[in-house]
Amino acid sequence: MTYNSPTGLEWEKLYQKAVEFRNLKPWEWMGDEELFAVRNPETGETAYCCVMGQMGEFLGMAAYRGPDGLETFFQIQSGQISPDDPDSLYLQRALLVSYEDREDIADEDYDVMRGLGLRFRGQNRWPLFRSLLPHYYPWFLEKDEAQFLTVILEQALDVCKRLKNEPELLIPASFGEIFIRIPEKTVEGLEWKDGWIDPDDDVGYSIPEEEDDSPIPGGTDSSIQVLDVESSISGVTESSIPDESDSFIPGKSDSPITGEEKPSNTSLPDMNELLELKKDGVWEVDFYYYPEALQESEDERPYFPATITWAGLQTRDMMEVGLYNPRQWKSSFPETFQKSVLKANHLPEIIHYEDEDLLPLLEPIASQLDIELEEVFQLEVLGEVRDNILGSTGENPLSGILAGLMEDESLVKLLEMAMEDENLAALIQNGKMDEFFSDEKYRI
C-alpha cells in the first residue's frame with residue numbers, strides 16, 4: 001500500500017489549527033478527564049478527545065478513534081493500563097498532537113515545517129503530529145488522518161473556548177453520554193451542531209479488511225532491524241537538519257495494512273498424514289507482542305511483532321518460535337502448529353494455553369485431531385520464557401528471543417553466528433530451523 005501523503009495545503013491547514021490550539025492553552029482550564037467527541041464528516045467515525053497538559057509536563061490533545069480507542073482511554077484513566085505496562089504499547093488507536101522542544105522534532109517533520117516557511121522558538125512550541133495504531137509504532141500522518149485531525153482541532157477550538165465560559169458544557173443530562181460535535185452537509189456547505197452520544201451505541205468505524213498472507217515485511221531480507229527510536233522518530237541534532245526540500249511527504253513509505261484481522265480458516269494441510277501420527281505428552285502454546293519495534297527500513301512504519309511459541313511440557317523442548325506482522329499471526333497460527341508437529345514427529349495428547357484469545361484458533365485444530373485443550377492459569381515452561389523475553393529490552397528482538405529460548409550453549413553459539421549471517425538470519429526469521437541445523441558449515 002503506497003503512503004498517501006497530505007498535500008502542502010493540507011499540512012498548512014493542520015499546522016495553522018495546531019498553532020491556534022496551542023495559543024489558546026485550553027489545558028489551563030481543562031483536565032484530561034473531560035471528554036468531548038467529534039464526528040468525521042467523511043466517514044462517520046467518532047473521535048473522543050481529551051486535552052492534556054494541566055500538570056504542565058505534556059501539552060497537547062489525544063483523539064481516541066472509535067469504541068476501541070475510547071475503551072483504551074478508560075483503561076488508562078482507571079489505572080488498568082499504566083505507562084509502564086507493556087500492553088500500553090499495543091492498544092492505542094488515536095491521533096495525537098503535542099507541543100515539543102526542537103530536539104524532539106524528527107527530520108521529516110522539520111522538512112514539512114521548512115517547506116511551509118514555519119519557524120518556532122522556545123520550549124513546547126513545536127507542533128508534532130502522530131498516528132497511533134494497535135501493534136504499530138507511533139508514526140507520521142497519512143492524508144486522511146491529517147484531514148480528520150484538522151477537523152478535530154477546528155471543533156476542539158470551538159468546544160474549549162465555550163467551556164471556559166460555560167463550565168457545565170460537557171456535563172451530560174444522562175449518565176454515560178458524551179458531548180459531541182456533529183456535522184451536517186447542506187447546500188450551503190458543512191454545518192456543525194451540538195449533540196450527545198452514548199459510547200455503547202456508537203457503531204464506530206471499521207477499516208475495510210484486507211487479506212495479507214505475505215511474509216513479514218522483509219522476511220527473507222536481513223534489513224529487518226530493531227527500531228532505533230532516537231534516530232528514526234524522537235529527534236535530531238541541529239547539525240543534522242536537512243537541506244531545504246520541496247517535499248511534503250514525511251517518511252515516504254508504504255504504510256502498513258491496518259485494521260483487525262479476522263480469524264482465518266484453520267483447516268490444516270496434509271490432515272491424513274497428521275492423523276497417522278501417535279499422540280504423546282502435553283504441549284504448551286503462548287502468544288504475546290514483543291515490546292521492541294521492528295521495521296523493514298527506516299522509511300516504513302515499524303511494528304511490534306506478534307510472537308507465537310510452542311514447547312513440550314515434559315521435555316521442555318522449544319519446538320517453534322514465530323515472529324509475525326500484527327495482521328498475520330492468526331492466519332499463520334496453524335502453520336506454527338504444523339511445524340511443531342514436524343519437529344516432534346508426534347501429536348500432543350493435550351495442549352495447554354493461557355491466553356483465551358488462542359481458543360478460537362486452537363479449537364479447529366484440536367477437534368480435527370482429537371486433542372484435548374486445557375486453559376491454565378500460568379504456563380510452566382513458556383510463562384518463564386515469556387518473562388525472560390519481555391525483560392530483555394534493549395537487545396535485538398530476534399537475537400534476544402532465540403537466545404532466551406535456548407539455554408543450550410552450543411545452540412546459543414549457533415544463534416550468535418546466525419545473527420552475523422544473512423542467510424541464516426533469514427532461515428531463523430522464517431522458522432526454517434531444519435535447514436538451519438542441517439547446514440554442515442555451521443555445526444560446532
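This is a predicted model: local features need pLDDT of at least 70, side-chain atom pairs count only at pLDDT 80 or more; totals for chains, interfaces and linings use all residues.
Residues are numbered from 1 along each chain as its sequence is written, and side-chain values use heavy atoms, with hydrogens and water left out.

Strand 9 (282–289) and strand 13 (350–353) pair in the parallel sense over four bridges. Strands here are DSSP runs of E with at least two residues, helices are runs of H or I with at least four, and both are numbered from the N terminus; two strands pair if DSSP finds at least two bridges between them. Strands of a sheet pair through backbone hydrogen bonds, either parallel or antiparallel.

Five strands make up an open sheet with mixed pairing, in the order 12-11-9-13-14. Strand 12 (318–324) and strand 14 are the edge strands, each pairing on one side only. From one strand to the next, the twist averages 20 degrees. Helix 7 lies across strands 9, 11, 12 and 13, at about 155 degrees to strand 12. Helix 9 (residues 382–390) lies across strands 9, 11 and 12, at about 25 degrees to strand 9. For these angles, axes are lines fitted to C-alpha atoms, for helices over the stretch in contact, and angles run from 0 to 180 degrees between N-to-C directions.

Next comes helix 8 (residues 359–369), whose buried residues are L361, L362, I365, A366 and L369. Buried means under 20% relative accessible area, with a 1.4 Å probe and protein chains only. Because these residues cover an arc of only 120 degrees around the axis, they are on the same side of helix 8; the arc is that of the directions from the helix axis to the C-beta atoms. Their cover includes helix 6 (271–275), helix 7 (329–344) and strand 14 (372–375). D370, with a positive phi near 55 degrees, follows helix 8.

Finally, look at the largest nonpolar core, with 42 residues. Such a core is a set of buried Ala, Val, Leu, Ile, Met, Phe, Trp, Tyr and Cys residues joined through side-chain atoms within 4.5 Å. Helix 4 gives the largest share, eleven residues. I152 is among the residues with the most contacts inside this core. A second, separate core of 25 residues includes F287, V341, L347 and L361.

Conventions. Buried means under 20% relative accessible area, exposed over 50%, partly exposed in between (1.4 Å probe, protein chains only). Contact means heavy atoms within 4.5 Å.
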